[in-house]
Amino acid sequence: MRQSVPSRVHELSAEEALIYRQLDPQKIPQHVAIIMDGNGRWAGKRALKRFLGHQQGAESVQFVVETASRIDLPWLTLYAFSLENNLRRPKAEVSFLMKLLKNYLVGNVKRMNDNNVRMAYIGRTTGLPNEIQDTMQWASEETAKNTGTTLTLALNYGSRSEIVDATRSLVQSLIDEAHTRGCSLEDLLQVDSLDSRIDEAQLSANLYTAHMPDPDLVVRTSGEQRISNFLLWQIAYAEIFVTDRLWPDFRGIHLLEAIQNFQQRERRFGGLGEGTDEHLEGRDDALETPESIAAELARG
Ligand code: FPP
């Protein structure tokens with residue numbers, strides 16, 4: 001259970017407070033995940049080198065994190081570095097991003113503590129340079145006692161590989177259990193069926209995000225309408241908000257605007273909307289023929 005923390009909404013800027021006052025505080029999402037995109041285009045528009053776009057993007061991260069913490073958003077997850085970025089970007093850009101991440105963590109841990117923000121990570125983080133892993137661990141330990149927003153950075157992250165890793169760990173835990181019981185995997189599955197041993201809940205429990213609620217809202221900057229291998233399992237019912245704004249221009253106020261848009265959506269989770277008054281009880285065998293539907297439409 002999250003401890004309740006004193007409200008910090010009075011720390012919002014005047015412009016942010018204006019939007020915040022229009023929000024329903026009961027409907028602040030539990031978890032917002034952001035695909036930060038457009039650093040390169042931001043730099044290109046100014047005839048600057050790409051790395052300056054990333055540097056500016058790191059500034060945006062801190063602005064957004066602090067606004068999130070002021071409205072007491074419980075979970076904020078940022079797609080900071082994908083497996084594909086690691087494999088497909090030039091070595092110089094990858095090593096610049098690593099340096100930037102390290103500087104960001106070292107330079108902002110105090111601010112994280114001032115804002116009661118806890119740092120966490122998801123991804124194949126063991127594939128990152130050791131020096132970066134050490135800094136990541138240091139930052140998460142330094143902020144571990146904080147009880148406000150959990151900022152999770154997705155680093156060397158790919159959703160398909162996360163699902164593969166989860167499946168491997170699920171199967172490995174079954175093999176280990178069979179071993180402990182001194183029986184074969186087949187024997188174990190005679191006692192408990194495969195259906196009961198591998199289901200959605202067990203797979204979720206083996207994802208990197210096992211300890212987090214699924215995102216309610218995914219924000220993507222820079223106008224691209226794709227998910228780019230980000231939290232594919234977890235965003236099954238998330239609302240998606242795409243803005244043309246490039247990440248280095250994104251600020252806390254834009255997070256609040258995305259939440260405002262989110263609050264206007266009707267979430268159905270595969271069910272029917274609240275306004276649906278049609279009753280189908282007892283009519284499950286009463287399929288209309290195409291002719292009768294056409295006749296009904298013609299009657300207007
Ligand atoms: C996309 O821009 C963004 C990234 C590749 C990574 C995001 C990195 C940051 C925001 C900076 C550092 C982050 C932290 C946490 C310190 P792009 O290069 O794909 O932009 P483009 O599509 O316009 O080329």
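## The ligand and its shell

Helix α3 gives the most to the shell around the ligand, with 4 residues, where helices (H or I, at least four residues) are DSSP runs numbered from the N terminus and a residue is near the ligand if one of its heavy atoms lies within 4 Å of it. This is a predicted model, in which local features need pLDDT of at least 70 and side-chain atom pairs count only at pLDDT 80 or more, while totals for chains, interfaces and linings use all residues. Residues are numbered from 1 along each chain as its sequence is written, and side-chain values use heavy atoms, with hydrogens and water left out.

The ligand is surrounded by 16 residues, the closest being Gly 40, Arg 41, Arg 50, Ala 80 and Arg 89.

## Polar atoms facing the ligand

An oxygen atom of the ligand is 2.9 Å from an N or O atom in the side chain of Arg 89, and an oxygen atom of the ligand is 3.1 Å from an N or O atom in the side chain of Asp 37. At Gly 40 a polar backbone atom is 3.0 Å from an oxygen atom of the ligand.

## The largest pocket

The ligand sits in the largest pocket, meaning that more than half of its atoms lie within 2 Å of the grid points. A pocket is an open set of points on a 1 Å grid over the protein atoms alone, where a 1.4 Å probe fits, with protein on both sides within 12 Å along at least five of seven lines, and lining residues have an atom within 4 Å of a point. Helix α5 gives the most to this lining, with 6 residues.

Note on methods: Polar contact = N/O pair within 3.5 Å; in protein donor to acceptor, adjacent residues only side chain to side chain. Helix = DSSP H or I, 4+ residues; strand = E, 2+ residues; numbered from the N terminus.
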